[in-house]
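Subject: Structure for you to look at

Hello,

Here is the structure I promised, with the sequence. My notes on the helix packing and the strands follow below.

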Amino acid sequence: MTERWKDYVTQGVQVAGGPIPFALKQWTFLLPIFSAILRTLPSGGKVLDVGCGAGIFTALLAHHGFQIVGVDEDPEIVAYAKGMVAFFRS
């Protein structure tokens, strides 16, 4: 994982008080996009999350039943994102 992503995720989780508060902060920021997706795609619809980063938004969409594929240029952040999606799906 690049240092930029490590710093962003680590600092974000630390400042927010843990992974769940960090995710909630990210989801609030992305709420307008999430609302647009909910209005236009049926549950189970397919979404491509280009530049998925740590997978916070990807996890939210997966949790709500969308078939989501996240891509990013950093293979290590993609591995982190997969863990994040698994955590929030359970």
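Two strands pair if DSSP finds at least two bridges between them. Strand 1 (residues 46–50) and strand 2 (residues 67–71) are joined by five bridges. They run parallel. Within this pairing, Val47 sits opposite Ile68 of strand 2. Please keep in mind that this is a predicted model.

**The crossover**

What do strand 1, helix 4 and strand 2 make together? They form a β-α-β unit, and the unit is right-handed. Helix 4 covers residues 56–63. Just after helix 4 comes Gly65, with a positive phi of about 90 degrees.

**Helix 4 and its cover**

Helix 4 is mostly covered, with seven of its eight residues buried. The buried ones are Ile56, Phe57, Thr58, Ala59, Leu60, Leu61 and Ala62. What lies over them? The cover includes helix 2, helix 3 (31–40), helix 5 (75–89) and both strand 1 and strand 2.

Take Thr58, which lies in helix 4. Its relative accessibility is 5%, so Thr58 counts as buried. Leaving aside neighbours within four places in sequence, Thr58 is in contact with Asp49, Cys52, Ile68, Gly70 and Val85. Ile68 is also the residue that Val47 stands opposite.

**Helix 2 against helix 4**

Helix 2 spans residues 19–29. It packs on helix 4 at an angle of about 85 degrees, and the axes are 9 Å apart. Helix 2 and helix 4 are therefore roughly perpendicular to each other. Helix 2 brings Phe22, Ala23, Gln26 and Trp27 to the contact. Helix 4 meets them with Ile56, Phe57 and Leu60. By type, the residues of this contact are six nonpolar, one polar and no charged.

**Helix 1 against helix 2**

Helix 1 runs over residues 3–16. Its axis comes within 7 Å of the helix 2 axis, and the two cross at roughly 105 degrees. Angles from 65 to 115 count as roughly perpendicular, so helix 1 is roughly perpendicular to helix 2. Helix 1 makes the contact with Tyr8, Gly12, Val13 and Ala16. On the helix 2 side are Pro19, Pro21, Phe22 and Gln26. The tally here is six nonpolar, two polar and no charged. Phe22 and Gln26 take part in this contact and also in the one with helix 4.

Not counting residues up to four places away in sequence, Pro19 touches Val13 and Phe88. Its C-alpha lies 9.1 Å from that of Val9, ten residues away in sequence.

Met84 belongs to helix 5. Its relative accessibility is 6%, so Met84 counts as buried. Not counting residues up to four places away in sequence, Met84 touches Ala54, Gly55, Ile56 and Ala59. Two of these residues, Ile56 and Ala59, are listed among the buried residues of helix 4. Met84 and Pro19 are 65 residues apart along the chain, yet their C-alpha atoms are separated by 9.1 Å.

Best wishes

Note on methods:
Residues are numbered from 1 along each chain as its sequence is written. This is a predicted model: local features need pLDDT of at least 70, side-chain atom pairs count only at pLDDT 80 or more; totals for chains, interfaces and linings use all residues. Side-chain values use heavy atoms; hydrogens and water are left out. Axes are lines fitted to C-alpha atoms, for helices over the stretch in contact, and angles run from 0 to 180 degrees between N-to-C directions. Helices (H or I, at least four residues) and strands (E, at least two) are DSSP runs, numbered from the N terminus. Angles under 35 degrees count as roughly parallel, over 145 as roughly antiparallel, 65 to 115 as roughly perpendicular and the rest as oblique. Contact means heavy atoms within 4.5 Å. Ala, Val, Leu, Ile, Met, Phe, Trp, Tyr, Cys and Pro count as nonpolar, Asp, Glu, Lys and Arg as charged, and the others, Gly among them, as polar. A crossover is right-handed if, with the strands pointing away from the viewer, the path from the first strand over the helix to the second runs clockwise. Buried means under 20% relative accessible area, exposed over 50%, partly exposed in between (1.4 Å probe, protein chains only).
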